[in-house]
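Work through the exercises below with the sequence and the model side by side. Try each task before reading its solution.

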Amino acid sequence: MAAAPSSATASVPAYFLRRLTLTDFRCYPHLRLDADDRCVVLTGPNGAGKTNILEAISYLAPGRGLRRARFDDVVRRYSDRGWAVAATVDGTPGGGVEIGTGTMSPDPTATAPLERRQVRVDGETMRGPAALAESIAMAWITPQMDRLFQEDGASRRRFLDRLVYGVDPGHATRVSAYERAMRERARLLKSGQRSDQWVLALENTMAEYGVAIAAARRDAVARLSGVLDAAIGPFPAALVDVEGVVEAMLDGMAALDAEQQFRDALTASRGRDAETGGAAVGPHRSDLAVTHLDKGLPARQCSTGEQKALLISIVLADARVAALRTGAAPLLLLDEIVAHLDETRRVALLDQVLGMGVQAWLTGTDKDVFAPLGARALFLDVRDGAITGIQDD
Ligand SMILES: Nc1ncnc2c1ncn2[C@@H]1O[C@H](COP(=O)(O)OP(=O)(O)OP(=O)(O)O)[C@@H](O)[C@H]1O
Ligand SMILES: [Mg+2]
């Protein structure tokens, strides 16, 4: 193992999955996987079912999973019962929380899937997926995110919001409440009820949650900036900022004044919003701006490899910040990341992951590239939807 980078972090408490079960999820009729607080390395040929496991874990956080797939695609072909993912989360002082989600009814005699995905925490059905943020935090990097800095702002905004969930579990609830109010307002406006009290009430809700969302994002980028101002080995220093109309309001005024101003802007855009079916202003349009500090270049102008290194810088910085703020570092889901890094970066990444004591779930086709993890990772071979432990050679 190479020498740890000079700014390697001390080990911190970290969430880890002790047991994971998948039922009728993609290629898995039923899978049970027992882990401990070490990293988990999943290797095997293309199409073996590696990413499917990471995707299943990603549904244990709020949002639409790491592929943003439709549930029709996620449920195992030919299954008519829906899908389920469950895990025991450990690593926090309380420890041992059972969380589960899916469209499979808890009633074993049910013959049809549920219409929406349900979330259970310690056997209790929760109001929605936002509740998961109270029990676990995670961040992921997938090959699809190679285009994160080229795509439209929506992907970067979701990326930022996921980072916020880790330090501020209430953020997921606020985002879903805001989006619900926005959809309902758009529906009313489309039906011609422009001056209705209901529209005003929904604009109040949007203003209240919208300003809280903007404030939480500003806090998150401020905390991240404090950690990202220095490079860690080959992972560059970065400047992160959130760009948005409501976020900018908070530069120069108190939250209550920003709420008033945002509410007025919504009321003023009713005519336009009735036509577009959305809302012309609001934190649902904000963007995450990332700059490579040494180069002084926006991330979208950096090379593919530099962009990936920036992404890793942000995710590692977030894990450190989240650990300090909440007492537990997030789970990291790193799909095919190691194979795409040169040796220096690969060793540095594995070093960081080990140094932080996080449970990273790593996938790849070649197990040798994970050799630096040695006995500090659980090595599993994935083949045709079955998993077996790999013994040391
Ligand atoms: N709903 C589904 N039902 C059954 N099988 C599915 C479903 N969705 C996807 N699959 C299958 O799951 C298999 C494993 O996919 P996965 O993406 O996990 O592979 P992988 O091991 O990550 O491969 P790669 O190395 O190519 O990334 C694929 O063969 C795919 O066809
Ligand atoms: Mg894959």
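Predicted model: local features only at pLDDT ≥ 70, side-chain atom pairs only at ≥ 80, totals over all residues.

Residues are numbered from 1 along each chain as its sequence is written, chains are lettered from A and ligands numbered from 1 in the order in which they are written, and side-chain values use heavy atoms, with hydrogens and water left out.

**Exercise 1. Residues around the ligand**

Find which residues are closest to ligand 1, and sort its shell by residue class.

Step 1. Apply the cut-off: a residue is near a molecule if one of its heavy atoms lies within 4 Å of it. The shell of ligand 1 then holds 17 residues, and the closest are Gly47, Lys50, Thr51, Arg67 and Asp73.

Step 2. Sort the shell into five nonpolar, five polar and seven charged residues. Here Ala, Val, Leu, Ile, Met, Phe, Trp, Tyr, Cys and Pro count as nonpolar, Asp, Glu, Lys and Arg as charged, and the others, Gly among them, as polar.

Step 3. Look for helices, which are DSSP runs (H or I, at least four residues) numbered from the N terminus. Helix H1 (50–58) and helix H2 (71–74) each supply at least two residues of the shell; H1 gives the most, with three.

**Exercise 2. Atoms facing the ligand**

Step 1. Ligand 1 taken alone exposes 660 Å², of which the protein buries 73%; the areas come from the Shrake-Rupley method with a 1.4 Å probe.

**Exercise 3. Glu55**

Decide whether Glu55 is buried or exposed, and find its side-chain partner.

Step 1. Locate Glu55 in helix H1.

Step 2. Glu55 has a relative accessible area of 0%, so it is buried. Buried means under 20%, exposed over 50% and partly exposed in between (1.4 Å probe, protein chains only).

Step 3. The side chains of Glu55 and Arg67 make a polar contact at 2.8 Å. A polar contact is a pair of N or O atoms within 3.5 Å; within protein, one must be able to donate a hydrogen and the other to accept it, and residues adjacent in sequence count only if both atoms are side-chain atoms.

**Exercise 4. Helix H10**

Determine how far H10 is enclosed.

Solution. In H10, 10 of the 14 residues are buried, so the helix is largely enclosed by the rest of the structure.
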